[in-house]
Amino acid sequence: MTSTVEIRHVPYDDISPWLRSMRTTLLVDPGAGSSEQALAWWREVWDPDRIFGGYAEGRCVATLRTFATTLTIPAGPAACAELPVDALTQVTVAATHRRQGLLTRMLTQSLADAKERGEVASFLKAAEWQIYGRFGYWPAVQGTNYRILNGRRPRVLPSRTPYQLVGADPEQLVEPAADVHQRVRLRQAGHIARTGADWRRRLGLDGLRPPGAREPVCVLARDADGRVDGYACWGANDGDWFHDPDQAQARVYEVLAATDDAYRALWGYLLSLDLVRVLTLDGYPVDEPLEWLLSDGRAVQRTWTGDNEWLRLLDVPAALSARRYAATDRLVLDVLDPDGGWAAGRFSLDGGPAHAECRPAPAATADLRLSQRALAGIYLGGHTVRSQQLAGLVEEETPGAAPRLEAMFWTARRPWNATPF
Ligand SMILES: CC(C)(COP(=O)(O)OP(=O)(O)OC[C@H]1O[C@@H](n2cnc3c(N)ncnc32)[C@H](O)[C@@H]1OP(=O)(O)O)[C@@H](O)C(=O)NCCC(=O)NCCS
(Lines give C-alpha, C1' and ligand atoms only; values in the text may rest on other atoms or scores of the structure.)
Protein backbone atom coordinates (compact mmCIF):
# COMPACT_ATOMS: atom_id res chain seq x y z
CA MET A 1 0.00 0.00 0.00
CA THR A 2 1.39 3.42 -0.92
CA SER A 3 1.41 5.70 2.08
CA THR A 4 -0.05 9.18 1.63
CA VAL A 5 1.47 10.30 4.88
CA GLU A 6 3.60 13.44 4.68
CA ILE A 7 6.80 13.34 6.74
CA ARG A 8 8.16 16.75 7.71
CA HIS A 9 10.04 18.70 10.33
CA VAL A 10 7.85 20.09 13.10
CA PRO A 11 8.00 23.74 14.16
CA TYR A 12 7.42 24.48 17.84
CA ASP A 13 3.99 25.97 17.03
CA ASP A 14 2.81 22.48 16.01
CA ILE A 15 3.97 20.86 19.22
CA SER A 16 0.61 19.99 20.80
CA PRO A 17 -0.67 17.42 18.26
CA TRP A 18 2.87 15.97 18.07
CA LEU A 19 2.98 15.48 21.86
CA ARG A 20 -0.53 13.99 21.93
CA SER A 21 0.35 11.51 19.19
CA MET A 22 3.65 10.54 20.84
CA ARG A 23 2.06 10.10 24.27
CA THR A 24 -0.88 8.08 22.97
CA THR A 25 1.39 5.53 21.28
CA LEU A 26 3.72 5.35 24.28
CA LEU A 27 0.70 4.54 26.46
CA VAL A 28 0.88 7.78 28.43
CA ASP A 29 -2.14 10.03 29.10
CA PRO A 30 -2.38 11.99 25.79
CA GLY A 31 -3.29 15.23 27.56
CA ALA A 32 -0.68 15.02 30.33
CA GLY A 33 2.25 17.39 30.48
CA SER A 34 0.50 20.25 28.68
CA SER A 35 0.88 22.79 31.47
CA GLU A 36 2.56 26.10 30.71
CA GLN A 37 5.66 24.97 32.59
CA ALA A 38 5.84 21.72 30.65
CA LEU A 39 5.49 23.56 27.34
CA ALA A 40 8.23 26.02 28.39
CA TRP A 41 10.47 23.01 29.02
CA TRP A 42 9.68 21.64 25.57
CA ARG A 43 10.36 25.00 23.96
CA GLU A 44 13.85 24.90 25.48
CA VAL A 45 14.70 21.48 24.02
CA TRP A 46 12.77 21.81 20.74
CA ASP A 47 15.04 21.71 17.71
CA PRO A 48 12.82 21.46 14.60
CA ASP A 49 15.68 20.22 12.41
CA ARG A 50 15.86 17.11 14.58
CA ILE A 51 12.13 16.53 14.98
CA PHE A 52 9.98 14.65 12.50
CA GLY A 53 6.23 14.25 12.34
CA GLY A 54 4.08 12.17 10.03
CA TYR A 55 0.79 13.80 8.97
CA ALA A 56 -2.26 12.17 7.40
CA GLU A 57 -5.35 14.26 6.67
CA GLY A 58 -3.94 16.96 8.95
CA ARG A 59 -3.51 14.59 11.89
CA CYS A 60 -0.14 13.80 13.48
CA VAL A 61 0.31 10.02 13.25
CA ALA A 62 4.08 9.58 13.69
CA THR A 63 6.83 11.21 15.76
CA LEU A 64 10.62 11.04 16.05
CA ARG A 65 13.05 13.32 17.87
CA THR A 66 16.81 13.34 18.26
CA PHE A 67 19.12 15.56 20.26
CA ALA A 68 22.84 16.15 20.16
CA THR A 69 24.81 14.89 23.13
CA THR A 70 28.17 13.37 23.99
CA LEU A 71 28.73 9.75 24.90
CA THR A 72 31.60 8.65 27.15
CA ILE A 73 33.83 5.99 25.57
CA PRO A 74 36.77 3.95 26.94
CA ALA A 75 40.04 5.87 26.90
CA GLY A 76 42.24 4.16 29.50
CA PRO A 77 41.87 2.13 32.69
CA ALA A 78 39.83 4.80 34.52
CA ALA A 79 39.37 7.48 31.92
CA CYS A 80 36.90 8.25 29.18
CA ALA A 81 36.82 10.39 26.07
CA GLU A 82 33.63 11.97 24.77
CA LEU A 83 32.11 11.25 21.39
CA PRO A 84 29.54 13.51 19.68
CA VAL A 85 26.44 11.41 19.11
CA ASP A 86 22.87 11.70 17.99
CA ALA A 87 20.44 10.45 20.67
CA LEU A 88 17.17 9.10 19.30
CA THR A 89 13.94 9.25 21.29
CA GLN A 90 10.14 9.59 21.16
CA VAL A 91 9.81 7.31 18.16
CA THR A 92 6.16 6.43 17.57
CA VAL A 93 3.80 5.48 14.77
CA ALA A 94 0.07 5.50 15.55
CA ALA A 95 -1.67 2.14 15.58
CA THR A 96 -3.76 3.32 12.60
CA HIS A 97 -0.61 3.73 10.47
CA ARG A 98 1.86 1.14 11.67
CA ARG A 99 3.68 -1.25 9.29
CA GLN A 100 3.36 1.14 6.36
CA GLY A 101 7.01 2.13 6.43
CA LEU A 102 6.68 5.39 8.39
CA LEU A 103 9.38 4.54 10.92
CA THR A 104 11.64 3.50 8.04
CA ARG A 105 11.07 6.81 6.24
CA MET A 106 11.65 8.95 9.33
CA LEU A 107 14.66 7.09 10.67
CA THR A 108 16.41 6.75 7.32
CA GLN A 109 16.20 10.53 6.92
CA SER A 110 17.20 11.15 10.52
CA LEU A 111 20.31 8.95 10.24
CA ALA A 112 21.29 10.61 6.96
CA ASP A 113 21.02 13.99 8.72
CA ALA A 114 23.14 12.77 11.65
CA LYS A 115 25.82 11.53 9.27
CA GLU A 116 25.70 14.85 7.42
CA ARG A 117 26.12 16.77 10.69
CA GLY A 118 29.24 14.70 11.46
CA GLU A 119 27.80 12.82 14.42
CA VAL A 120 29.89 9.72 14.88
CA ALA A 121 27.15 7.42 16.14
CA SER A 122 23.50 7.25 17.08
CA PHE A 123 22.34 6.01 20.48
CA LEU A 124 18.90 4.98 21.74
CA LYS A 125 16.94 2.96 24.24
CA ALA A 126 14.74 0.44 22.44
CA ALA A 127 11.19 -0.34 23.53
CA GLU A 128 11.48 -3.74 21.86
CA TRP A 129 14.41 -5.81 20.61
CA GLN A 130 13.00 -6.29 17.09
CA ILE A 131 12.65 -2.67 16.05
CA TYR A 132 16.10 -1.19 15.45
CA GLY A 133 18.48 -3.91 14.25
CA ARG A 134 17.38 -3.35 10.66
CA PHE A 135 18.70 0.21 10.95
CA GLY A 136 22.06 -1.01 12.28
CA TYR A 137 21.54 -0.35 15.99
CA TRP A 138 22.83 -3.06 18.30
CA PRO A 139 22.73 -3.65 22.10
CA ALA A 140 25.75 -1.89 23.61
CA VAL A 141 24.93 -1.09 27.24
CA GLN A 142 23.09 -3.34 29.65
CA GLY A 143 21.11 -2.40 32.72
CA THR A 144 20.06 -4.35 35.78
CA ASN A 145 17.17 -3.92 38.20
CA TYR A 146 17.93 -4.61 41.85
CA ARG A 147 15.86 -5.51 44.87
CA ILE A 148 17.71 -5.01 48.14
CA LEU A 149 16.37 -6.79 51.18
CA ASN A 150 16.82 -4.12 53.76
CA GLY A 151 14.68 -6.06 56.24
CA ARG A 152 17.71 -8.31 56.78
CA ARG A 153 19.55 -5.24 58.05
CA PRO A 154 22.86 -6.10 56.36
CA ARG A 155 25.81 -4.22 57.78
CA VAL A 156 27.54 -1.91 55.29
CA LEU A 157 31.31 -1.40 55.27
CA PRO A 158 31.83 2.01 56.84
CA SER A 159 33.58 4.74 54.86
CA ARG A 160 37.23 5.19 55.81
CA THR A 161 37.07 8.96 55.68
CA PRO A 162 34.15 10.72 57.35
CA TYR A 163 31.24 11.84 55.22
CA GLN A 164 28.32 13.83 56.44
CA LEU A 165 24.92 12.99 54.95
CA VAL A 166 22.85 16.15 54.66
CA GLY A 167 19.30 16.52 53.45
CA ALA A 168 18.71 18.83 50.48
CA ASP A 169 15.65 20.11 48.66
CA PRO A 170 15.61 19.02 45.00
CA GLU A 171 16.43 22.60 43.92
CA GLN A 172 19.56 22.55 46.10
CA LEU A 173 20.66 19.23 44.67
CA VAL A 174 21.09 20.30 41.05
CA GLU A 175 24.43 22.07 41.19
CA PRO A 176 26.41 19.63 43.37
CA ALA A 177 24.72 16.63 41.76
CA ALA A 178 25.61 17.86 38.26
CA ASP A 179 29.24 18.04 39.36
CA VAL A 180 29.15 14.50 40.78
CA HIS A 181 27.43 13.15 37.67
CA GLN A 182 30.05 14.74 35.45
CA ARG A 183 32.91 13.24 37.50
CA VAL A 184 31.27 9.81 37.43
CA ARG A 185 30.53 9.84 33.71
CA LEU A 186 34.07 10.79 32.77
CA ARG A 187 35.27 7.56 34.40
CA GLN A 188 32.75 5.13 32.97
CA ALA A 189 31.85 4.52 29.35
CA GLY A 190 28.23 4.61 28.21
CA HIS A 191 27.00 7.81 29.87
CA ILE A 192 25.43 10.70 28.01
CA ALA A 193 25.71 14.29 29.22
CA ARG A 194 22.95 15.98 31.22
CA THR A 195 21.73 19.49 30.51
CA GLY A 196 20.02 21.88 32.93
CA ALA A 197 16.71 20.92 31.28
CA ASP A 198 17.43 17.23 32.00
CA TRP A 199 18.01 17.96 35.67
CA ARG A 200 14.85 19.99 36.01
CA ARG A 201 12.75 17.26 34.47
CA ARG A 202 14.46 14.48 36.44
CA LEU A 203 13.92 16.22 39.75
CA GLY A 204 10.44 17.49 38.88
CA LEU A 205 11.43 21.14 39.32
CA ASP A 206 9.52 24.14 37.93
CA GLY A 207 6.22 22.28 38.03
CA LEU A 208 7.58 19.42 35.90
CA ARG A 209 6.74 16.64 38.35
CA PRO A 210 4.28 14.25 36.65
CA PRO A 211 0.85 14.07 38.33
CA GLY A 212 0.87 11.57 41.18
CA ALA A 213 4.68 11.32 41.34
CA ARG A 214 6.32 11.93 44.70
CA GLU A 215 8.86 14.61 45.40
CA PRO A 216 12.20 12.83 45.76
CA VAL A 217 13.90 12.79 49.14
CA CYS A 218 17.47 13.97 48.47
CA VAL A 219 20.70 13.70 50.44
CA LEU A 220 24.22 14.88 49.72
CA ALA A 221 27.42 13.15 50.91
CA ARG A 222 29.81 15.89 52.04
CA ASP A 223 33.43 15.29 53.03
CA ALA A 224 35.24 17.01 55.90
CA ASP A 225 36.15 19.95 53.62
CA GLY A 226 32.53 20.42 52.59
CA ARG A 227 33.00 18.98 49.11
CA VAL A 228 30.02 17.01 47.80
CA ASP A 229 31.16 13.64 46.43
CA GLY A 230 27.83 11.88 46.07
CA TYR A 231 24.09 12.10 46.37
CA ALA A 232 20.99 9.94 46.57
CA CYS A 233 17.32 10.53 45.75
CA TRP A 234 14.63 8.14 46.87
CA GLY A 235 10.92 7.91 47.56
CA ALA A 236 8.74 5.57 49.59
CA ASN A 237 6.13 3.52 47.74
CA ASP A 238 2.46 3.98 48.47
CA GLY A 239 1.24 1.19 50.71
CA ASP A 240 -0.25 0.47 54.09
CA TRP A 241 3.01 -0.40 55.87
CA PHE A 242 1.41 0.08 59.29
CA HIS A 243 -0.81 -3.01 58.85
CA ASP A 244 1.48 -4.83 56.44
CA PRO A 245 5.18 -4.17 57.09
CA ASP A 246 6.10 -5.92 53.81
CA GLN A 247 4.62 -2.95 51.99
CA ALA A 248 7.28 -0.71 53.49
CA GLN A 249 9.29 -0.34 50.29
CA ALA A 250 11.23 2.53 48.79
CA ARG A 251 12.56 3.20 45.34
CA VAL A 252 16.05 4.61 44.95
CA TYR A 253 15.72 6.92 41.94
CA GLU A 254 19.39 7.67 41.79
CA VAL A 255 22.52 7.11 43.85
CA LEU A 256 25.80 8.36 42.41
CA ALA A 257 29.17 8.66 44.10
CA ALA A 258 32.44 10.03 42.75
CA THR A 259 34.55 8.39 45.50
CA ASP A 260 34.50 4.91 47.06
CA ASP A 261 33.91 6.32 50.52
CA ALA A 262 30.98 8.46 49.40
CA TYR A 263 29.54 5.27 47.85
CA ARG A 264 29.86 3.45 51.17
CA ALA A 265 28.42 6.37 53.10
CA LEU A 266 25.40 6.70 50.80
CA TRP A 267 24.58 3.00 50.92
CA GLY A 268 25.07 3.04 54.69
CA TYR A 269 22.41 5.74 54.80
CA LEU A 270 20.00 4.04 52.37
CA LEU A 271 20.24 0.69 54.15
CA SER A 272 19.61 2.30 57.51
CA LEU A 273 16.26 3.84 56.59
CA ASP A 274 13.91 2.87 59.39
CA LEU A 275 10.71 1.01 58.47
CA VAL A 276 11.88 0.27 54.91
CA ARG A 277 12.11 -3.47 54.24
CA VAL A 278 12.90 -3.48 50.54
CA LEU A 279 14.72 -0.99 48.34
CA THR A 280 14.46 -1.13 44.57
CA LEU A 281 16.93 0.33 42.12
CA ASP A 282 16.33 0.13 38.36
CA GLY A 283 18.63 0.36 35.36
CA TYR A 284 21.92 0.20 37.26
CA PRO A 285 25.16 -1.43 36.06
CA VAL A 286 25.26 -5.20 35.70
CA ASP A 287 28.43 -5.18 37.83
CA GLU A 288 27.11 -2.84 40.54
CA PRO A 289 29.47 -3.68 43.43
CA LEU A 290 27.00 -3.18 46.30
CA GLU A 291 26.98 -6.81 47.45
CA TRP A 292 30.70 -6.59 48.25
CA LEU A 293 30.00 -3.89 50.82
CA LEU A 294 27.47 -5.88 52.78
CA SER A 295 27.73 -8.40 55.60
CA ASP A 296 25.09 -10.37 53.68
CA GLY A 297 25.69 -10.05 49.94
CA ARG A 298 22.54 -12.06 49.21
CA ALA A 299 20.48 -9.13 50.39
CA VAL A 300 21.15 -7.82 46.86
CA GLN A 301 18.96 -9.55 44.28
CA ARG A 302 19.08 -8.97 40.55
CA THR A 303 15.51 -9.03 39.24
CA TRP A 304 16.18 -8.14 35.59
CA THR A 305 19.19 -7.71 33.32
CA GLY A 306 18.99 -6.82 29.66
CA ASP A 307 19.71 -4.49 26.80
CA ASN A 308 19.34 -0.84 27.77
CA GLU A 309 21.06 1.36 25.21
CA TRP A 310 21.71 0.48 21.57
CA LEU A 311 24.44 2.01 19.45
CA ARG A 312 24.79 2.54 15.71
CA LEU A 313 28.17 3.66 14.36
CA LEU A 314 28.05 6.17 11.50
CA ASP A 315 31.75 6.92 11.13
CA VAL A 316 34.07 4.00 11.90
CA PRO A 317 37.45 5.83 11.58
CA ALA A 318 36.28 8.64 13.90
CA ALA A 319 34.76 6.22 16.42
CA LEU A 320 37.77 3.88 16.60
CA SER A 321 40.36 6.69 16.61
CA ALA A 322 38.62 8.38 19.56
CA ARG A 323 38.79 5.25 21.74
CA ARG A 324 41.81 3.80 23.56
CA TYR A 325 42.60 0.06 23.77
CA ALA A 326 43.65 -2.36 26.52
CA ALA A 327 46.22 -4.09 24.28
CA THR A 328 48.49 -2.66 21.61
CA ASP A 329 47.87 -4.17 18.20
CA ARG A 330 47.21 -3.46 14.55
CA LEU A 331 44.33 -5.10 12.70
CA VAL A 332 42.64 -4.56 9.37
CA LEU A 333 38.86 -4.70 9.67
CA ASP A 334 36.44 -5.29 6.83
CA VAL A 335 33.28 -3.68 8.16
CA LEU A 336 30.01 -4.76 6.54
CA ASP A 337 26.96 -2.61 6.98
CA PRO A 338 23.95 -4.10 5.22
CA ASP A 339 21.63 -2.02 7.45
CA GLY A 340 22.11 1.26 5.61
CA GLY A 341 25.72 1.27 4.54
CA TRP A 342 26.83 4.32 6.57
CA ALA A 343 29.74 2.54 8.22
CA ALA A 344 30.92 0.09 5.55
CA GLY A 345 34.54 -0.05 4.44
CA ARG A 346 37.95 -1.57 5.08
CA PHE A 347 39.88 0.13 7.87
CA SER A 348 43.23 -0.32 9.56
CA LEU A 349 43.11 0.04 13.34
CA ASP A 350 46.38 0.76 15.07
CA GLY A 351 45.79 1.27 18.78
CA GLY A 352 46.86 0.77 22.37
CA PRO A 353 46.40 2.26 25.85
CA ALA A 354 47.75 5.68 24.88
CA HIS A 355 47.13 6.05 21.17
CA ALA A 356 44.76 5.05 18.40
CA GLU A 357 44.52 5.64 14.71
CA CYS A 358 41.92 4.19 12.41
CA ARG A 359 41.79 5.02 8.74
CA PRO A 360 40.43 3.65 5.48
CA ALA A 361 42.67 0.95 4.02
CA PRO A 362 40.86 -0.31 0.91
CA ALA A 363 43.92 -2.09 -0.47
CA ALA A 364 45.03 -3.85 2.74
CA THR A 365 44.36 -7.52 3.47
CA ALA A 366 41.63 -7.87 6.08
CA ASP A 367 42.30 -9.73 9.35
CA LEU A 368 38.62 -9.75 10.30
CA ARG A 369 35.36 -9.40 8.47
CA LEU A 370 32.71 -8.10 10.82
CA SER A 371 29.35 -6.43 10.85
CA GLN A 372 28.96 -2.83 12.02
CA ARG A 373 26.47 -4.29 14.50
CA ALA A 374 29.25 -6.32 16.15
CA LEU A 375 31.52 -3.27 16.37
CA ALA A 376 28.68 -1.31 17.99
CA GLY A 377 28.15 -4.16 20.47
CA ILE A 378 31.80 -4.32 21.60
CA TYR A 379 32.64 -0.61 21.23
CA LEU A 380 31.84 0.48 24.79
CA GLY A 381 32.98 -2.77 26.42
CA GLY A 382 29.43 -4.04 26.97
CA HIS A 383 29.77 -7.26 24.97
CA THR A 384 32.57 -9.59 23.96
CA VAL A 385 33.94 -10.28 20.50
CA ARG A 386 33.28 -13.95 21.28
CA SER A 387 29.54 -13.33 21.74
CA GLN A 388 29.39 -11.49 18.41
CA GLN A 389 31.31 -14.33 16.75
CA LEU A 390 28.68 -16.74 18.07
CA ALA A 391 26.02 -14.45 16.62
CA GLY A 392 27.66 -14.91 13.20
CA LEU A 393 28.71 -11.27 13.02
CA VAL A 394 32.52 -11.72 13.19
CA GLU A 395 34.66 -13.91 10.96
CA GLU A 396 38.42 -14.35 11.10
CA GLU A 397 40.41 -13.94 7.89
CA THR A 398 43.69 -14.21 9.84
CA PRO A 399 43.63 -17.08 12.38
CA GLY A 400 43.69 -15.70 15.94
CA ALA A 401 42.53 -12.22 14.93
CA ALA A 402 39.29 -12.43 16.97
CA PRO A 403 41.02 -12.94 20.36
CA ARG A 404 43.42 -10.12 19.43
CA LEU A 405 40.45 -7.82 18.83
CA GLU A 406 38.97 -9.05 22.13
CA ALA A 407 42.18 -8.12 23.97
CA MET A 408 42.13 -4.64 22.43
CA PHE A 409 38.49 -3.89 23.29
CA TRP A 410 38.62 -5.33 26.83
CA THR A 411 37.49 -2.93 29.57
CA ALA A 412 37.70 -3.32 33.35
CA ARG A 413 34.21 -1.94 33.89
CA ARG A 414 31.01 -2.56 32.01
CA PRO A 415 29.46 0.51 30.44
CA TRP A 416 26.46 2.15 32.03
CA ASN A 417 24.24 5.12 31.29
CA ALA A 418 22.63 6.81 34.28
CA THR A 419 20.42 9.03 32.13
CA PRO A 420 17.41 7.36 30.52
CA PHE A 421 16.07 9.33 27.56
C1 LIG B 1 7.93 0.52 16.53
C2 LIG B 1 7.13 1.40 15.58
C3 LIG B 1 7.66 2.83 15.68
C4 LIG B 1 7.33 0.85 14.17
O5 LIG B 1 6.77 1.76 13.23
P6 LIG B 1 6.29 1.30 11.78
O7 LIG B 1 6.02 2.53 11.00
O8 LIG B 1 5.20 0.32 11.93
O9 LIG B 1 7.59 0.60 11.24
P10 LIG B 1 7.86 0.27 9.69
O11 LIG B 1 6.57 0.11 8.97
O12 LIG B 1 8.81 1.27 9.12
O13 LIG B 1 8.55 -1.12 9.89
C14 LIG B 1 9.79 -1.46 9.40
C15 LIG B 1 10.00 -2.93 9.62
O16 LIG B 1 10.20 -3.16 10.99
C17 LIG B 1 9.28 -4.16 11.46
N18 LIG B 1 8.87 -3.77 12.79
C19 LIG B 1 8.59 -2.54 13.19
N20 LIG B 1 8.26 -2.56 14.48
C21 LIG B 1 8.32 -3.82 14.90
C22 LIG B 1 8.08 -4.46 16.14
N23 LIG B 1 7.69 -3.76 17.22
N24 LIG B 1 8.27 -5.78 16.21
C25 LIG B 1 8.65 -6.47 15.11
N26 LIG B 1 8.89 -5.92 13.91
C27 LIG B 1 8.72 -4.60 13.81
C28 LIG B 1 8.14 -4.12 10.45
O29 LIG B 1 7.45 -5.32 10.41
C30 LIG B 1 8.85 -3.80 9.18
O31 LIG B 1 9.43 -4.95 8.62
P32 LIG B 1 9.10 -5.42 7.16
O33 LIG B 1 9.53 -4.30 6.28
O34 LIG B 1 9.92 -6.68 6.99
O35 LIG B 1 7.62 -5.66 7.16
C36 LIG B 1 5.63 1.39 15.92
O37 LIG B 1 5.17 0.07 15.87
C38 LIG B 1 5.32 1.96 17.29
O39 LIG B 1 5.13 3.15 17.43
N40 LIG B 1 5.28 1.11 18.34
C41 LIG B 1 4.92 1.52 19.68
C42 LIG B 1 5.89 2.55 20.26
C43 LIG B 1 7.30 2.07 20.24
O44 LIG B 1 7.59 0.94 20.58
N45 LIG B 1 8.20 2.96 19.85
C46 LIG B 1 9.61 2.71 19.86
C47 LIG B 1 10.16 3.42 21.04
S48 LIG B 1 11.86 3.04 21.24
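**View 1. The shell around the ligand.** Strand E4 (80–93) and helix H3 (102–117) each contribute at least two residues to the shell around the ligand. Elements are DSSP runs numbered from the N terminus (helices: H or I, at least four residues; strands: E, at least two). The model is predicted: local features require pLDDT of at least 70 and side-chain atom pairs pLDDT 80 or more, whereas totals for chains, interfaces and linings use all residues. Residue numbers start from 1 along each chain as its sequence is written. The ligand is surrounded by 18 residues, the closest being Arg 98, Leu 103, Thr 104, Ala 127 and Gln 130; a residue is near a molecule if its C-beta atom, placed from the backbone, lies within 6 Å of it. Eight nonpolar, six polar and four charged residues make up this shell. Here Ala, Val, Leu, Ile, Met, Phe, Trp, Tyr, Cys and Pro count as nonpolar, Asp, Glu, Lys and Arg as charged, and the others, Gly among them, as polar.

View 2. An automatic or database assignment divides the protein chain into domain 1 (6–136), domain 2 (144–307) and domain 3 (315–409). Between domain 1 and domain 3, the C-alpha centres are 29 Å apart. Domain 1 gives 14 residues to the contact and domain 3 gives 15 residues, where contact requires C-beta atoms, placed from the backbone, within 7 Å. On the side of domain 1 that touches domain 3, strand E3 (59–74), E4 and H3 are the elements that give two or more residues. That side has nine nonpolar, three polar and two charged residues.

**View 3. Helix H6 and its cover.** In helix H6 (residues 260–270), the buried residues include Tyr 263, Arg 264, Trp 267 and Leu 270. Ala 262, Ala 265 and Leu 266 of H6 are buried as well; a buried residue has 20 or more other C-beta atoms within 10 Å of its own, all placed from the backbone. Among the elements covering these residues are strand E7 (163–168), strand E8 (217–223), strand E9 (228–236), strand E10 (249–257) and strand E11 (278–284).

**View 4. The open sheet of five strands.** The strand order is E15-E14-E13-E16-E17, and the pairing is mixed; two strands pair if DSSP finds at least two bridges between them. At the edges, strand E15 (356–360) and strand E17 (394–396) each pair on one side only. From one strand to the next, the twist averages 25 degrees. Axes are lines fitted to C-alpha atoms, for helices over the stretch in contact, with angles from 0 to 180 degrees between N-to-C directions.

**View 5. Bridge partners within the sheet.** Seven bridges join strand E13 (residues 329–336) to strand E14 (residues 345–351) in the antiparallel sense, with Asp 329 opposite Gly 351. E13 also runs parallel to strand E16 (residues 368–371), with four bridges between them. Leu 333 is partnered by Leu 368, and Val 335 by Leu 370. E16 and E17 form an antiparallel pair of three bridges. In E17, Glu 396 stands opposite Leu 368, and Glu 395 stands opposite Arg 369.

**View 6. Helices across the sheet.** Helix H8 (residues 372–379) lies across E13, E16 and E17, at about 85 degrees to E16. Helix H10 (residues 401–409) lies across E13, E14, E16 and E17, at about 105 degrees to E13.

Terms used. Two residues are in contact if their C-beta atoms, placed from the backbone, lie within 7 Å. A residue is buried if 20 or more other C-beta atoms lie within 10 Å of its own, exposed if 12 or fewer, and partly exposed in between; C-beta atoms are placed from the backbone.
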